[in-house]
Amino acid sequence: MNYIENLGVKARASTSEIANASALQKNDALLEIAHILRHNSASIKSANEIDLKAAAARGMSEVMQDRLRLDDKRIEGMAAACEKLCALSDPVGQIMGGEVRPNGMKITRVRVPMGVIGIIYESRPNVTVDAAALCIKSGNAVILRGGKEAINSNMCLVKLMRQAVRVAGFPEDIVQLVEDTDHGIALEMMQANGFIDVLIPRGGARLIQTVVKNATVPVIETGTGNCHVYVDASADIDMAVNIVDNGKTQRPSVCNAVESCLVHRDAAEAFLPRLKQQLDKHNVEIRGCEITKMILGMDIALATEGDYATEFLDYIISIKVVDSLGEAIEHINRYSTGHSECIVTESLFSAEQFQKRVDSAAVYVNCSTRFTDGDEFGLGAEIGISTQKLHARGPMGLTALTTEKWLINGNGQIRE
């Protein structure tokens with residue numbers, strides 16, 4: 001039995017208790033996690049500091065170090081997310097539909113946990129708590145495999161969560177961490193059929209594609225975020241500047257950050273200088289088309305096809321001037337990763353056409369793409385943003401971590 005199979009056996013043995021627990025029992029576990037995180041913030045930050053120092057020594061960028069960092073505000077955010085989940089209805093046991101067949105059989109569909117969920121993610125240790133809390137509330141055991149950059153932070157967080165669930169009366173093994181960060185162990189996890197019921201990758205394009213290509217365990221694909229804002233001819237310029245600026249600079253290292261801006265030719269001369277003035281405050285590098293260069297100056301880098309297809313996760317943005325709404329939609333559907341797109345417009349027709357024709361999980365009118373988030377959508381925390389179309393799409397909360405069971409009740413019916 002290999003390393004992952006050993007974790008899987010322990011997780012499988014614990015699933016019955018968490019799957020059949022009441023909402024109150026699961027909420028008790030979440031409240032214990034929130035409590036223990038708050039009262040151990042110093043040890044969490046100490047462990048995180050070890051990871052941050054190692055990251056700096058390896059030359060990790062400041063933007064990526066920000067993804068890794070845990071401070072008092074983020075620790076409080078993780079604790080608060082657990083408490084918010086307590087206020088949400090428990091999806092387990094919800095009746096999804098049913099009918100009585102002509103032969104008298106009663107058929108009912110109910111929501112049930114998936115079983116053992118595996119999460120493979122990168123250098124954001126807050127995902128460790130968010131994922132575990134969501135799995136607990138939805139009645140699942142979880143095996144967490146974070147990136148080596150956050151191993152000390154993750155070990156500390158999982159140790160605390162295991163203590164908390166034990167206090168709440170559950171087996172510790174409903175939450176487990178893969179402490180061996182070797183890539184070979186990750187491959188074992190991707191192929192742990194019979195031990196892991198579903199695998200969810202959360203991170204950059206390379207990680208996600210590695211999991212999709214190598215996994216034999218069923219995968220829910222979460223997506224990278226090459227997100228766009230299109231500034232229509234009728235757009236309110238102040239609104240457009242604020243939305244693009246917020247999407248690009250509020251937190252550039254996350255998947256719902258804006259990576260590309262399209263602007264209608266009729267709005268370009270008024271909009272682009274205003275946008276550049278705002279982005280310059282954050283030292284954002286602009287890579288633009290020929291018309292963008294003509295308007296903003298030839299010192300602007302010329303955007304390549306690769307730039308329009310890139311999720312920068314940094315203070316870089318690509319810009320293109322387009323002739324029509326249709327051209328903007330065509331560009332987005334070509335280069336987008338299917339995550340989040342926005343139109344800024346005063347035209348109801350343009351807004352409706354954009355939301356109808358853009359094929360992404362979240363499509364906005366006149367608001368920032370930064371809202372594509374489980375908490376902002378009222379889901380509590382999230383396990384990730386799904387950009388696929390099977391099972392779940394968009395922010396994945398509690399319901400996305402359950403499946404359905406058919407319950408059939410009869411009184412002796414047989415099939416002829």
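N283 counts as exposed, with a relative accessibility of 66% (exposed means over 50% relative accessible area, buried under 20% and partly exposed in between, with a 1.4 Å probe and protein chains only). The model is predicted, so that local features need pLDDT of at least 70 and side-chain atom pairs count only at pLDDT 80 or more, while totals for chains, interfaces and linings use all residues. Residues are numbered from 1 along each chain as its sequence is written, and side-chain values use heavy atoms, with hydrogens and water left out.

N283 is located in the loop between helix 11 (265–280) and strand 9 (285–288); helices (H or I, at least four residues) and strands (E, at least two) are DSSP runs numbered from the N terminus. Although N283 is not a glycine, its phi is positive, near 55 degrees. A positive phi, near 60 degrees, is also found for N366, again a residue other than glycine. N366 belongs to the loop between strand 13 (362–365) and strand 14 (385–386) and is partly exposed, at 26% relative accessible area.

E311 lies in the loop between helix 13 (305–308) and strand 11 (316–322). E311 is buried but has no salt bridge (a side-chain nitrogen of Lys or Arg within 4 Å of a carboxyl oxygen of Asp or Glu). The nearest side chain of opposite charge is that of R67, 6.5 Å away; Lys and Arg count as positive and Asp and Glu as negative, with His and the chain ends not counted. A polar atom of the E311 side chain lies 2.9 Å from the backbone nitrogen of G225. Leaving aside residues up to four places away in sequence, E311 touches T224, G225, C255 and E259 (contact means heavy atoms within 4.5 Å).

Conventions
A polar contact is a pair of N or O atoms within 3.5 Å; within protein, one must be able to donate a hydrogen and the other to accept it, and residues adjacent in sequence count only if both atoms are side-chain atoms.
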